[in-house]
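Thank you all for coming. I would like to walk you through one structure today, going from its loops to its helix packing and then to its sheet.

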Amino acid sequence: MSLQSCPPDRVCCPSRVQKRKPHVPHPPSPIPVSRASDSAIARLGILAHHCVVHFVYLIHLTRMLGARNYIGLTDHQIEHCNQTWEFLCGRLKRELDPSEAARHGSRTRYDERRRAVILGADAYPGTGQSANSRLSVLACLAHELAHMRRAERGFRRPVNPPDGFLDEAETSIYAAFLRYVPLRDREDLVEDARDRLFDWLAFPKE
Ligand SMILES: [Zn+2]
């Protein structure tokens, strides 16, 4: 039986009754305590959400800025890329456009409209420690060839985060299965896929 339910003329809980202090009303509060705490928790939730978003973007900014090679490719490096591309493609010729490769900061990418891979400075590895920064020229071009082959087979995936990360992970795993990709590059591609999966998991989703 609780103290509050005891009838006023009975002392069924003497020890508790003796310790009972006279009621002192709390000063009036402009905001009920429950509402104030709910509001504080909501604000903390929003703050945590923003922190996570900025953290994820910081990771990607770091990777973009410092991970892979930034310096425009030399003629010799472009020729190496051309030979690697032909090696990967085998008898089925596909377009590798080197027109931007000598430019600092140019990016290697698959252009679905042109059905061509645009060669950029970042086809070469950089100094970062991530799997992506370590990818060799062959692994990088295998990843782009995988984009091309998946597009030819009708894959249509989102390109923006968060599901764009899943597309990139799938593409790197696809590349790891391409013929002529050595074990060392396969391992780097699988590690790259793993990192993209972590990116997807860490990205705030509704
Ligand atoms: Zn990609």
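This is a predicted model: local features need pLDDT of at least 70, side-chain atom pairs count only at pLDDT 80 or more; totals for chains, interfaces and linings use all residues.

Let me begin with Pro162, which sits in the loop between helix 5 (137-152) and helix 6, where helices (H or I, at least four residues) and strands (E, at least two) are DSSP runs, numbered from the N terminus. Pro162 is joined to Pro161 by a cis peptide bond, with omega at about 0 degrees.

Residues are numbered from 1 along each chain as its sequence is written.

In outline, the protein has seven helices and three strands, and from the N terminus on these elements run α-α-α-β-β-β-α-α-α-α. Of its 206 residues, 27% count as buried, a residue being buried if 20 or more other C-beta atoms lie within 10 Å of its own, exposed if 12 or fewer, and partly exposed in between, with C-beta atoms placed from the backbone.

Two further loop residues deserve a look at their backbone angles. Tyr180, in the loop between helix 6 and helix 7, has a positive phi of about 75 degrees although it is not a glycine, and it counts as exposed because it has 12 C-beta neighbours inside 10 Å. Arg115, in the loop between strand 2 and strand 3, likewise is not a glycine and has a positive phi, near 55 degrees; with 12 C-beta neighbours inside 10 Å, Arg115 counts as exposed.

Now to the helix packing. Helix 6 (residues 163-176) and helix 7 (residues 183-202) pack at an angle of about 165 degrees, with their axes 8 Å apart; the axes are lines fitted to C-alpha atoms, for helices over the stretch in contact, and angles run from 0 to 180 degrees between N-to-C directions. Helix 6 and helix 7 are therefore roughly antiparallel, since angles under 35 degrees count as roughly parallel, over 145 as roughly antiparallel, 65 to 115 as roughly perpendicular and the rest as oblique. On the helix 6 side the contact includes Phe165, Leu166 and Ile173, and on the helix 7 side Leu189, Val190 and Trp200 are among the residues involved, contact meaning that C-beta atoms, placed from the backbone, lie within 7 Å.

How does helix 5 lie against helix 7, and at what angle do they pack? The angle is about 55 degrees, with the axes 9 Å apart, and that makes helix 5 oblique to helix 7.

Strand 1 pairs with strand 3 (residues 116-118) in the parallel sense over three bridges, and Asp97 has Ile118 of strand 3 as its bridge partner.

Key. Two strands pair if DSSP finds at least two bridges between them. Two residues are in contact if their C-beta atoms, placed from the backbone, lie within 7 Å.
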